[in-house]
Amino acid sequence: MKYALVTGGSRGIGRAICVKLAQMGYAILINYINNTDEANLTLEQVRQAGQEGQLLRFDVSDNKQTKETLEAWIDSHPDDSVEVLVNNAGIRRDNILALMPEEDWSEVLDITLKGFFHTTRLLLPSMIRQKYGRVINMASVSGLRGMPGQSNYSAAKGGLIAATKALALEVARKRITVNAVAPGFIRTDMLEGLDEATLKKEIPANRLGTPEEVAELVGFLASPAAGYITGEVISINGGLYT
């Protein structure tokens, strides 16, 4: 059986990606860390889409947790493989840099960048052996242009974009593609505390995006049809930044 692992898959964009990949025929590994109720709701939607799923609870920023959980899954599924990895886990801790606590800087970077490193490093060997795989990293418009009050988030997403480009060159000969998706303002709880009316004024399309629209892009990049696209950062932002 071919699996897709989505980190931070319990809600929002992660949930929409889980459902989309299930519709494409993948069994889904749903990573989450705290909200079991939301993770179970994602699992239910995956099953409604006609595929099996499994919850994997671990903190992607913690190497020990990630290694133990994924190695246990790999050992218990010798005939299966994770063909698609979506590094979606991430958090915001917005503040101007002069007032930012060190833990807010570290936590944002650790979840995005250490999370990418911990999960990808463990799953790449199987993709290399099979000479096929898809790694899709969820970046952000903040990683492309920067956002005031988000120096930590912009640094994390900008670093993820650079890692995407480098890794793509390492594994392209193995028929593994590595791409990043950079959403703009998407209607999820990540926008909590931001004024929607003000945001819309900045967006040429005059609306927020939906998680399902992002998931459609991820689904295409995960498909065989996208086999000649690698090392790219594809924006989905309603014209906010081009």
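1. In this predicted model, helix H1 (residues 12–23) and helix H2 (residues 36–48) pack at an angle of about 20°, and their axes are 9 Å apart. Because angles under 35 degrees count as roughly parallel, H1 is described as roughly parallel to H2. The crossing of H1 past H2 is right-handed.

2. The residues that bring these two helices together are as follows. H1 contributes Arg15, Cys18, Val19 and Ala22, which meet Glu38, Leu41, Thr42, Gln45 and Val46 of H2. By class, the residues of the contact of H1 with H2 comprise five nonpolar, two polar and two charged.

3. H1 also packs against helix H8 (residues 211–222): the axes come within 8 Å and cross at roughly 50°. H1 and H8 are therefore oblique to each other. Here, too, H1 makes a right-handed crossing, in this case with H8.

4. On the H1 side, the contact with H8 is formed by Gly12, Ile13, Ala16, Ile17, Lys20 and Leu21. On the H8 side, Pro211, Glu212, Val214, Ala215, Glu216, Val218, Gly219 and Ala222 take part. Nine nonpolar, two polar and three charged residues make up the contact of H1 with H8.

5. A further helix pair is H4 (residues 102–130) and H6 (residues 151–171), which pack at about 20° with axes 8 Å apart. This angle makes H4 roughly parallel to H6. The crossing of H4 and H6 is right-handed.

6. From H4, the contact draws on Asp104, Trp105, Val108, Leu109, Thr112, Leu113, Phe116, Thr120 and Leu124. From H6, it draws on Ser151, Asn152, Tyr153, Ala155, Ala156, Lys157, Gly159, Leu160, Ala163, Leu167 and Val171. The contact of H4 with H6 consists of 13 nonpolar, five polar and two charged residues.

7. Turning to aromatic rings, a pair is described by the distance of the centres and the angle of the planes. With ring centres required to lie within 6.5 Å, the count comes to one aromatic pair. The rings of Tyr3 and Trp73 have centres 4.8 Å apart and planes at 80°, so this pair is edge-to-face. The pair links distant parts of the chain, as Tyr3 belongs to strand S1 (residues 2–6) and Trp73 to helix H3 (residues 63–76), 70 residues apart. Tyr3 and Trp73 are both buried.

8. Two backbone angles deserve a comment, because most residues other than glycine have a negative phi. Lys131 is not a glycine, yet has a positive phi of about 55°. Lys131 is placed in the loop between H4 and strand S5 (133–138). Is Lys131 buried or partly exposed? Its relative accessible area is 46%, so Lys131 counts as partly exposed.

9. Arg175 is the other residue for comment, with a positive phi near 60° although it is other than glycine. Arg175 is located in the loop between H6 and strand S6 (176–183). Because its relative accessibility is 53%, Arg175 counts as exposed.

How values were computed
Residues are numbered from 1 along each chain as its sequence is written. This is a predicted model: local features need pLDDT of at least 70, side-chain atom pairs count only at pLDDT 80 or more; totals for chains, interfaces and linings use all residues. Side-chain values use heavy atoms; hydrogens and water are left out. Axes are lines fitted to C-alpha atoms, for helices over the stretch in contact, and angles run from 0 to 180 degrees between N-to-C directions. Helices (H or I, at least four residues) and strands (E, at least two) are DSSP runs, numbered from the N terminus. Angles under 35 degrees count as roughly parallel, over 145 as roughly antiparallel, 65 to 115 as roughly perpendicular and the rest as oblique. A crossing is left-handed if the near helix is turned anticlockwise from the far one by less than a right angle, and right-handed if clockwise. Contact means heavy atoms within 4.5 Å. Ala, Val, Leu, Ile, Met, Phe, Trp, Tyr, Cys and Pro count as nonpolar, Asp, Glu, Lys and Arg as charged, and the others, Gly among them, as polar. Rings of Phe, Tyr and Trp (its six-membered ring) pair if their centres lie within 6.5 Å; planes under 30 degrees apart count as stacked, over 60 as edge-to-face and the rest as tilted. Buried means under 20% relative accessible area, exposed over 50%, partly exposed in between (1.4 Å probe, protein chains only).
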